[in-house]
Each structure stands twice: as structure tokens, then as C-alpha cells.
Amino acid sequence: MEILTHGLKQNYSFLRTINLSGANLADKQIWNLLTEALKVNNQLESMDLTDNDLTGLPDPYKVIENHNSIYSCTMGSNAGFEATSLLRDGIEPNTYYTDMDAYSLLLLTELWEYGKPRMEMIVFAYNNTNVKEEDVPESLGLLLGKLPGLKSIEIQSEALIGALTTCIVNSDTITDISIGLAESAKPAKKKSGSAGANVKDSGSNKIEKKQSQPWMKPLCDALVRRGKELAKQAALKAATEEEEARNAETLEHERNPASEHERSPAGSADQVNEEGAEEDDEEEEEDDDDESGSDSDDIIEDHKLSLSLNNLGLTDQDVTLLANAFRKMKNGLAYLIMDENEISAVGFSSLLKVFTNACTVDTLSLDGNNIGPGCAKDLHKFAREATGLSGLYLARNPLGESAVKMLFEGLAMNENPTIERLSLRQTNIADNAARAISTAIEGLSALDLLDLSKNDFTSSGFIALASGLHSNKSLTNLTICDIPMNEESVDAFVNALKAEDRTLEHLDVSQCQLGDALAAKILNLSTKEFSVDISSNGITGDTQFTEVFCSKILAGDIFRWQFEDDKLSLEFFKKTAEALATMGRQKYDEWTKLVDEAWDNHCKEQLAQKLATEEEESEESAEEVPQVAEGEEEGVAAPLTKKDMHAETAVEPFSELAFEDCLLDNERSLTFSLNASPSVL
């Protein structure tokens, strides 16, 4: 260390990076040597101090903070974390801490307390479960809550939930909370009816009694405290602004006093005007109250909570605690995501009741749970009365036809439907539900995305869905993959999508067992404004399909294609390569023409400016105007060649496009390589 610090003090130019990772620098005297050397050094740029004990040593923190050339200093254990951004005044929007052990967490809290951390999002990512709750410093949660501008936090270790709870109570800026577990710590998920589309749910609301997660109640209590505190802040702000408005009004009256006679020439008129003035004042006060009330609502709106609790083994008991907390909170939720848990219709119903009567939610997602048809009535009421709901995701739940029909009947009765995104993938529904969906989507003027994949529709259900597309004028993305379709089903969609006033922009019919003929019919619909996904449909690339595919390439209607699990013929690849080469030559010719025109215009402008400048100089010096070169007219540029253009601008000549050979592997998947200027691509 003495030799190293001597070199640092000498400011050797070659000594710009030092790696002391795992050097076991535990002696405080050694750290003092390094600190003193860094005070006079101005060449060092980066240091790796990981796997060394730096806790309780503020002097190194200070010297690193003030060093004028160090831009990176890694501390902590394992991969460590970047410390310079924590010590210096600067914003680090997204910060990731990976596999933080007890020492790293303690060091992090010291740096936060000493430095000037400013972060908008923090993620504690864990690939192992070595950290325990007792390893977490008590001050971590409090310091997290005091970080200025912190909006989002994600933790992937159950040991950190206590710190998160403290953070929630003490932060007035955090709005996005996500809890997950390391893969090895996730509870084994119980097999349920949501495992496949054909498994039918009994509809029973009876569930096995289970204990809630030990951290759920403290978390819910923290959410309630946070909500009430935000409500107090909103009310205080509203009252302050109302008082300020009244004071401003009083001051305005004092600056512009008006006598009784000025306000009204006659006594009777005075009385009438005074009454009118009082009414106006009352109306102004009411307006002020309305405005301040609106501001109060805005405060709560700005602090809407976003909560993700995915793959945690949550049960109905956990959901009941959360529902009670949401009922007591004074602000709504931007989104609630509880995917891949063990929630049944009972727990889901408790949430629906709260979101119907006491609390709003913009996006609700419970994909991959065990929600059966027992929630049908509550789902109907929620859909009918929900305000501000934009997204609902219930994929991979055994909802059944009755619940989905009730859902769409409720949406159809909603006076102001705001639903934009709806996923009912693999929910055990068939043709009866398809007819209910078709009827309802006519009035869903905001619906943009609908996923009905992996269900049990027949041609009757597909025809009903296609009929609904005629009347809906908002849907842009429809996914109905992994459901076998016959010619009657395809024809119904083709006819519906030929309408000029269609709004649909993307149709996903992958894995629908279409084959070449039916896939060609769907592909023929594709345009620059409308894309289709027909992958994994047993396509071989017969003559009809290849002709349609190549015609779409030449028309510029295909910009991305993917064949997966399709056994395509060699002839298909040959024809496709020819179409690509033709398209490439066309694009290159178009591009070259545009470039030539642009250069020609540029050079004409440059020559015009040059002539104008020479004319001004000539007038100033009273010299003769230079003779116009032979073959030129005055003020007009001579024809320019591409060679002249390149010579003037020192730009390399444009390279020809090279289309490499099609590469076939033994699975007959396709790769094309296009070598060209990025502007061409």
C-alpha cells in the first residue's frame, strides 16, 4: 500500500485504474494512507474497492466525493455498486442493486446518509436468498423514505419487506411499489383449473383456510397510513390556496375602493346591486371552493398507488387484508398487479366490491390465478359501475362462460365505458361468450386491445366475433391465437376486415392450424397499416401462398416476418429471395434518385449564395463583376455531376446494396441479411 500510495502521490499518468477488490484492507491505517494519497492525486479515474470493509470510514467517502478525476468507484460485495453517484450531487434515474448482502446493505445506508443520493427508481434484485431479515440495517427503510424524488421501488427478497414498509410510511413521493421473490425462494404454485383451457371450474366459492403472509398486515397498515397522510396534505394545500385566494380578493377591494353612489345611482338600484354583488361574491367563493377541491383531487390523483405483488403465493386471506386497506385509503390505484398467485373467486370478489364502491383502479391484473365463475355477480356490478378502468387482465383463470358473459353485459351497461385493454386468454369460454362479446363491443368506444386466445370457439363463435368487428370503431389489436379455425371462420374475418372504415391494425391468428390456403387468405389482408401474425400454422409455402407472400413483399406491405414451426419448401425461399432482390433494387433506385435531387438542390443553393456574396464584394470594391463561365447563365448553377457532388463534399460514393444468400438450417427457418445504408433500411 505504501508503494501504491507513493505512485498515486506522484500522479503517474499510467496509473489511472486500480483494482483492490478482495485485498482484505481491514486496517484503518491502510485506509488513511490511501485517503491521504487521493487528496493530492489528479490522475486516477476509477477504483474497484469491492469485498473490503469500508463501513465507518467517512474520510474515504469525502475524498472520493471531492476528487476531480475519479468518475467510477465500485464498493460493496460481489459485483458491488457504483458509489460516486451517491456521493455527488446528481440524479441517477434508475439504480439496480444486485445480491446485496448484510455488509453491502450497511455500507449503502452509510453512503446514503453521508452523500447526496437522488434516484427515481431503485431495484433490489436477488438471485439467491442468503440475505435474512436480521441482516437488514434498521435505518434502511427510513433512509429510503427520505430519498428525494424516489418514485419507484422494487424488491425481490422477503427480508427487505420490513424496510419497504417503513419507506412507504415515510415517503411522500413514492407511487410505484413492486414485491417479488428470487426464483429459488418462490413458493411452489398449487396446480389448479387455470392450467388449461379445457379444465372446467366447479364454481364453488369455498376455499381452504390458509394463513396470510406474515408481512401482509404491516404492509397494509403502512398503505393506509400513507393514504391518510396524503389526504391530509391535500386538504391542507386546498385550505391554504383558498385562504390565499380570499386574501388576494380582500387586497384587491382595498386597492380599488368604490362608494355606494359609484356602484349604483339610485337607492333601489343600490339594494338590487348589493344583493347581486353578494350573490356574485358567493358564486366566486363557490368557484374558489370548487377549484381548491379540484386541486385536492389532483394531489390524490398525482399520488395514485401502483402495486405489483406477483408470484408470491398470495391467497384469499392476503387479498382480504389488501381490500380492507384499499377501502380505508383516500387515494386510488393506478394499477394493481397480482399475477401468478393462488387467489380464487372469493378473494377476487372482495377486490371487486372495493373497486366498485370505495376505491378506483385504472388497471387490474390477476393473470394466472384460480378465479372461477363464483365471482360472476360481483364482476358484473364492477363492470357496470367502474369509472376510469382502462385495463383488465384475467388470463389463465377458469372463469367460465357465465362470468365472462356477465362481465360483458356489465360493460355494455356502463354509461361511460373507459376500458381500453382486456385479456381473457385461456379462460374456459366458448361460443355463448363469443356472442356476448360481439354484442357488447359495439358500445365499447375506448376498447383498443382484446385477447381471446386459447379458448374453445367453433366457427359459430368466430362468425359472431367477426360480426362484432363491423360495429366496433375503436379496436386496433385483436389476438385469437391457438384456436383451430376452419374456412368458414376465416372467411367471416376476411369479409369483416375488408371494410374501408375498419380500425383494426393487427390480427394475431398464430397457431390456428390454418395451413397454406387459409393463411394466404389472411395474409392477403395485410397492408402498411394492417399487420397479421400467421406463424406456426403448418405453412409449407405452396404456390398460392408463395405468390401472395411475394406480392406483399413487392408492395411493401410486409416489414417483418417470422416463421416458427412451419416446414417451408426450398422453392418458397427461392421465390422470396427473388422478390427481396427486386424490392431492394427498386428501393435503391428510389433512394439514389432522392439523393441526387437533394445534392443538386444543395449545390444550387451553395452556388447562389456564392454569386450573391461575390456581387456584394464587387459593389463594395467597385471592381468589375467576374465573367460568367461559358455554358452558364448568370445566377444559375451549371449542371452538376455525381462526381462533382462527391468531390465538393468529400463523401464516399454510395455503395450498392448486397443481398446475401438465404441461409437454411436443418429446421428450415429463414434468415435474411440486408447490407445497406441505415436510411435505406
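How many bridges join strand β6 to strand β7, and do the two run parallel or antiparallel? To find out in this predicted model, select residues 117-125, which form β6, together with residues 152-155, which form β7. Four bridges join these strands, and their directions are parallel. Within the pairing, V123 stands opposite E154 of β7.

Next, select residues 161-170, helix α7, through which the chain crosses from β7 to β8. This β-α-β crossover is right-handed.

The tour now turns to another sheet. Select β1, β2, β3 and β4, which form an open sheet in that order with mixed pairing. Its edge strands are β1, residues 17-19, and β4, residues 81-82, each of which pairs on one side only. From β1, proceed to β2 at residues 46-48: three bridges join the two strands, which run parallel. T17 has S46 of β2 as its bridge partner.

Finally, select helix α14, residues 400-413, and helix α15, residues 431-440. Their axes come within 9 Å and cross at roughly 10°. Because angles under 35 degrees count as roughly parallel, α14 is roughly parallel to α15. Show the side chains at the contact: α14 contributes E401, V404, K405, F408 and A412, while α15 contributes D431, N432, A433, A436, I437 and A440. Coloured by class, this contact shows seven nonpolar residues, one polar residue and three charged residues.

Methods
Residues numbered from 1 in each chain as written. Predicted model: local features only at pLDDT ≥ 70, side-chain atom pairs only at ≥ 80, totals over all residues. Heavy atoms only, no water. Axes fitted to C-alpha atoms, helices over the stretch in contact; angles between N-to-C directions. Parallel < 35°, antiparallel > 145°, perpendicular 65-115°, else oblique. Contact = heavy atoms within 4.5 Å. Nonpolar A, V, L, I, M, F, W, Y, C, P; charged D, E, K, R; others polar. Pairing = 2+ DSSP bridges. Right-handed = clockwise from strand over helix to strand, strands pointing away.
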